[in-house]
Amino acid sequence: MFNSRIIGLGKYLPDNVVTNDDLAKIMDTSNQWIVERTGINERRHIVKGSDDSPSTMAFKASKIALNRAGIKASELDMILFATLSPDLYFPGSGVLLQELLGISTCPSMDIRMQCSGFIYSIATADQFIKSGMYKNILVVGAENHSGGLDMSSRGRAVSVIFGDGAGAAVLTRENDENFGIKSSHLYSEGKYAKELSLIGPSTQRWVPEIMDANDPNDESYFPFMNGQMVFKHAITRFTEVINEGLKFNNWESKDINLLIPHQANLRISQFVQKKFGLSDSQVFNNIMNYGNTTAASIPIALTEAWEKNKIKPGDKIVLAAFGSGFTWGSTMIVW
Ligand code: UT7
């Protein structure tokens with residue numbers, strides 16, 4: 001029986017910083033509202049016409065992660081690509097990343113679990129490694145939200161929150177069972193699928209149908225979020241799934257060296273911090289600078305925490321996410 005362990009991390013954020021004041025110039029919002037309700041000060045948006053896309057941003061983050069891991073792309077046995085905003089409707093962004101990395105053939109799988117995508121991907125990679133089937137797996141989360149947001153006042157409740165970016169992690173086989181991914185805990189509840197969703201374009205709302213309707217009030221191709229409902233479910237599910245991971249490993253909240261919650265809303269992270277009685281140094285947040293980058297948010301935060309020397313060998317690290325689906329999950333790691 002093998003364990004799996006993260007041995008390299010990388011992140012990439014587009015250069016273009018969009019502040020709350022920038023948004024207030026194009027829609028009916030304010031720095032005060034955004035900071036009070038979400039904790040966000042600024043986010044990064046891809047510049048239209050630049051070469052940034054989910055796969056190219058993932059490529060940049062992956063190169064850093066591979067370099068830090070000390071392994072070549074050719075040594076990868078598998079790519080798992082978490083995104084809700086793939087480059088193309090099909091095929092998935094995983095194959096595009098594979099080509100950019102110069103790997104002629106390997107399994108490349110997109111994981112469409114939205115904000116929980118990185119947790120699901122880590123859990124999947126962990127199982128492939130534990131089973132002995134693969135040794136080295138690249139897991140990435142990357143999103144281009146900005147191109148598809150309603151940047152008018154109509155879309156303000158959603159569009160001020162989301163940002164673009166990518167994060168990557170290289171996992172490998174670990175023979176010492178005291179280190180690495182200890183457990184993952186995954187859930188979904190499709191009853192709430194439409195509470196945080198993008199309906200069109202899809203097979204329920206094909207592009208020709210949208211074009212034929214030619215309706216300026218058509219919002220079906222912008223993301224929809226029932227914010228208050230998502231918020232209420234998020235704080236409950238975050239708490240449950242972190243508790244489950246702690247119990248499973250016989251850990252207590254005081255044992256957590258660092259909790260890295262999916263960066264959905266600073267108020268959600270603060271609620272969870274309070275619920276578990278964690279100090280500021282036990283929780284890492286960077287939503288202030290990047291907004292909510294969905295599947296990319298945990299790997300970006302994990303990378304940044306590692307770069308800031310907040311993660312040391314032997315530390316107990318907890319990752320947790322909640323989002324569209326609804327989906328949620330946690331991963332418990334001994335670094
Ligand atoms: O990552 C995936 C998971 N996503 C989440 O976890 C997000 C969960 N939800 C949230 O983070 C929060 O619900 C939001 C940040 C989206 C919204 O905050 P809220 O405190 O729930 O605000 P609200 O939707 O109840 O809106 C309050 C008011 C409304 O005005 P009225 O009806 O009280 O007059 C909105 O129209 O704020 C208004 N509003 C805004 N005002 C200024 C909504 N968006 C904005 C805005 N700027 N951007």
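# A walk through the model

Start by selecting helix H3 (residues 54-69) and helix H4 (residues 93-100), which pack at about 50 degrees with their axes 9 Å apart. Here, helices (H or I, at least four residues) and strands (E, at least two) are DSSP runs numbered from the N terminus. Axes are lines fitted to C-alpha atoms, for helices over the stretch in contact, and angles run from 0 to 180 degrees between N-to-C directions. H3 and H4 are therefore oblique to each other (under 35 degrees counts as roughly parallel, over 145 as roughly antiparallel, 65 to 115 as roughly perpendicular, and the rest as oblique).

Before moving on, note that this is a predicted model, where local features need pLDDT of at least 70, side-chain atom pairs count only at pLDDT 80 or more, and totals for chains, interfaces and linings use all residues. Residues are numbered from 1 along each chain as its sequence is written, and side-chain values use heavy atoms, leaving out hydrogens and water.

Now show the side chains between the two helices. Pro54, Ser55, Thr56, Ala58, Phe59 and Ser62 of H3 meet Ser93, Leu96, Leu97 and Leu100 of H4; contact means heavy atoms within 4.5 Å. By class, this contact of H3 with H4 has six nonpolar, four polar and no charged residues (Ala, Val, Leu, Ile, Met, Phe, Trp, Tyr, Cys and Pro count as nonpolar, Asp, Glu, Lys and Arg as charged, and the others, Gly among them, as polar).

Next, select helix H8 (residues 227-248) and helix H9 (residues 266-275). Their axes come within 10 Å and cross at roughly 40 degrees, which makes H8 oblique to H9. On the H8 side, the contact is made by Phe231, Ala234, Ile235, Phe238, Thr239 and Ile242, and on the H9 side by Arg267, Ile268, Phe271, Val272 and Lys275. That contact has eight nonpolar, one polar and two charged residues.

Finish with some backbone stops. Most residues other than glycine have a negative phi, and most peptide bonds are trans. Which residue has a positive phi although it is not a glycine? Select Gln114, with a phi of about 55 degrees, in the loop between strand E5 (108-111) and helix H5 (117-130). Then go to Gly200 and Pro201, joined by a cis peptide bond with omega near 0 degrees. Pro201 sits in the loop between strand E9 (196-197) and helix H7 (207-213).
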